[in-house]
Amino acid sequence: MTEKESGSVLQFAPFQSAVDEGFWHRLSSLKLNKFGIDESPIPITGFYSPCTNSRVSNHLSLIAESLPPEPSEQSSVTTNVGNRNRCSVPGILYNTNTFEGFHALNKQGLLKAEAQKVWDDIHSGKAEEDCAVLSRFLLISFADLKKWSFHYWFAFPALVLDPPATLVDLRPASQWLSLDEAESLSAACNEWRSSSVTTDVPFFLVSIASNSHATIKHLKEWPSCQQDGNKFLFGFYDPCHLPTNPGWPLRNFLALIGSRWNLEKVCFFCYRENRGFADLSLSLIGEALLSVSQGFPEHKNHICSGWKDTQHVPNAVGWEFNRGKKVPRCISLAQSMDPKRLAISAADLNLKLMRWRALPSLNLNILSATKCLLLGAGTLGCQVARMLMAWGVRKITLLDSGKVAMSNPLRQSLYTLEDCLNGGEFKAIAAVKSLERIFPAVIAITSALGFDSFLVMRHGAGPISTVTDFEAQDMKTLAAEMGNFSLIDGDREQRLGCYFCNDVVAPVDSTANRTLDQQCTVTRPGLAPIASALAVELLVGILHHPHGICAKAEFANSTDSGSTEQPLGILPHQVRGSLSQFSQMTLVGHASNSCTACCTTVISEYRKRGMDFVLQAINHPTYLEDLTGLTELMKSASSFQLDWDNEMDDDDCI
């Protein structure tokens, strides 16, 4: 019986994976914010270390840092070098857009492609320079971002030796070596692992001289080592804890040793640790025989092409088992996530999906940083608040002195029956409970409802003359320029008016001396959602327009609208609609020099008198009209008469 026949087939303990939750959170963020529908392979990094426990094997782990950084993090990324607990291994991730696509992946083809990389690295010499490539891995996944569940499957490509390697002997290293050799090797391993340069180098050479002195060297030093006549061990960081089997990384290491260095008898060293130091009673040394003369078969029932034929890649295995079966794994993070974080992720999902195809230029940072002050938390205010939240606005302040009445919840969507009990909760407080407490803003949008008609409009830029001024100057500077308020903007065009410019009225008490139906917003139920949606869409349009609140009024089909350049379309000044006619029109109204809200007289008076001016305007209904000249204007209009010329020449007749 020959030595070859007396051995048994060398069997390897499979690699096992472990994925930290942070990896899935980061992948979700990258998928939404960077990758979108792009299914291109993603380079990732896995980490493992030698076994440190006699009962538990170490896993190849993926953490948040395994994925490439997001664009905003590029400048702050630091590379971990020399981490003894993180021996880095290159990997590739295929993340599909659909569950069906995940199952339809050509898994054998992907595994073969990664095996090709290992084979090429062996024969090009790259594996000797960067030995971590011998343990490269593959991960396929599908991220269901609605349910926060992730389907995934690991593969650890291993070149198949055919015929397989024969195990002649396998024992604890402490039994294989002499006492002096074991002591020297233990010291050499501890030194190798303590150096930041070599601690994460997972494959190495062990040279044991005749005087029992052990030295550890890099793989690339093999050609020079053959001349010294020392005893050699081919070492690797073994994640496996089993006393009868070496770990998975040895498979491709043997392929390198046999095909690159043409060795038939190999003594391998499975390096394992205990409490951070070499443990030679846990580590293993084995002897294996390789059939170099036969090499790898090109195909079944075909003559072997030999180890030196780099054009023919050996067969590969390596898909990870799941409870004894070759099937993918699935993990759900919904139960472990904070409910608030889940709600935020779900709310932002629609907006981030817009950027994949429909609206790549959507600026979510502008929306999330916008502060909105809602004056009134009634039928319109509630709807507008909800629409703002849907667009990603998270800073909303509501101002309303009223209380929730029994008739409100049906029409005002932020309130429930509980808000009406015990005299009613203040609307602003009840609304805040439904949204979140946040802060005010500066862009003014007005919505007004009739019974079956509505008006939605944006206010003109006011004292701000140009976009540059608005962006560059602070509020104190802008306030100082209020005295230069003009009907003409910085581009020498008449500026857009506000709500009171167009209706030429002063604010009045809407409850005094009014019947109940006049005090309430009596409208058709469908009107408020339409008007509130248009108001929020108008706000988002302003935020994304390059000229912001200084943008000109635009109309559909206008050559000057610039709509072809704006992904959200035109930016009108006013939108008026009628539900009874199912019609809608866009209009423009310019600033009035008699406006009770934004004309020069009102602004100047407010600057001089401050709160006294505000109180007088509230307590004296005609004060603003008198101040701006509206009273005189209305008197002149009432007394204006036309003198008709009753005489008619024959030449004027047709």
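## Cavities

On a 1 Å grid over the protein atoms alone, a cavity is a set of points where a 1.4 Å probe fits but cannot get out, and its lining residues have an atom within 4 Å of a point. This is a predicted model, in which local features need pLDDT of at least 70, side-chain atom pairs count only at pLDDT 80 or more, and totals for chains, interfaces and linings use all residues. Residues are numbered from 1 along each chain as its sequence is written, and side-chain values use heavy atoms, with hydrogens and water left out.

The whole structure has four cavities of 30 Å³ or more. Phe15, Leu134, Ser135, Arg136, Phe156, Pro157, Trp248, Pro249 and Asn252 line the largest cavity. Six of these residues are nonpolar, two are polar and one is charged. In this scheme Ala, Val, Leu, Ile, Met, Phe, Trp, Tyr, Cys and Pro are nonpolar; Asp, Glu, Lys and Arg are charged; the others, Gly among them, are polar.

## Helix α2

Helix α2 covers residues 21-35, 15 residues in total. Helices (H or I, at least four residues) and strands (E, at least two) are DSSP runs, numbered from the N terminus. From first C-alpha to last, α2 reaches 19 Å, close to the 21 Å expected at 1.5 Å a residue. The expected span is 1.5 Å times one less than the number of residues.

In α2, 12 of the 15 residues are buried. Buried means under 20% relative accessible area, exposed over 50%, and partly exposed in between (1.4 Å probe, protein chains only). Among the buried residues are Phe23, Trp24, Leu27 and Phe35. At the start of α2, a side-chain oxygen of Asp20 comes to within 2.8 Å of the backbone nitrogen of Gly22. Just after the helix, Gly36 has a positive phi of about 60 degrees.

## Salt bridges

Side chains of opposite charge can pair when their charged atoms come close. The structure holds 11 salt bridges, each a side-chain nitrogen of Lys or Arg within 4 Å of a carboxyl oxygen of Asp or Glu. One joins Glu273 and Arg84, with the closest N and O atoms 3.1 Å apart. This pair links distant parts of the chain, 189 residues apart: Glu273 is in strand β13, and Arg84 is in the loop between β4 and β5. Glu273 is buried at 2% relative accessibility, while Arg84 is partly exposed at 23%.

Lys231 and Glu181 form another salt bridge (3.3 Å, N to O). Lys231 sits in strand β11 and Glu181 in helix α7, 50 residues apart. Lys231 is partly exposed at 38%; Glu181 is buried at 12%. Salt bridges that share partners join Arg84, Arg193 and Glu273 into one network.

## Backbone exceptions

Most residues other than glycine have a negative phi, and most peptide bonds are trans. A cis peptide bond joins Asp162 and Pro163, with omega about 5 degrees. Pro163 lies in the loop between β7 and β8.

Ser212 has a positive phi, near 75 degrees. Its loop runs between β9 and β10, and Ser212 is buried at 16% relative accessibility. Arg275 also has a positive phi, about 55 degrees. Arg275 lies in the loop between β13 and β14 and is exposed, with a relative accessible area of 77%.

Definitions and conventions. On a 1 Å grid over the protein atoms alone, a cavity is a set of points where a 1.4 Å probe fits but cannot get out, and a pocket is an open set with protein on both sides within 12 Å along at least five of seven lines; lining residues have an atom within 4 Å of a point. Grid points are joined across faces, edges and corners, and a volume is the space filled by probe spheres set on the points. A polar contact is a pair of N or O atoms within 3.5 Å; within protein, one must be able to donate a hydrogen and the other to accept it, and residues adjacent in sequence count only if both atoms are side-chain atoms.
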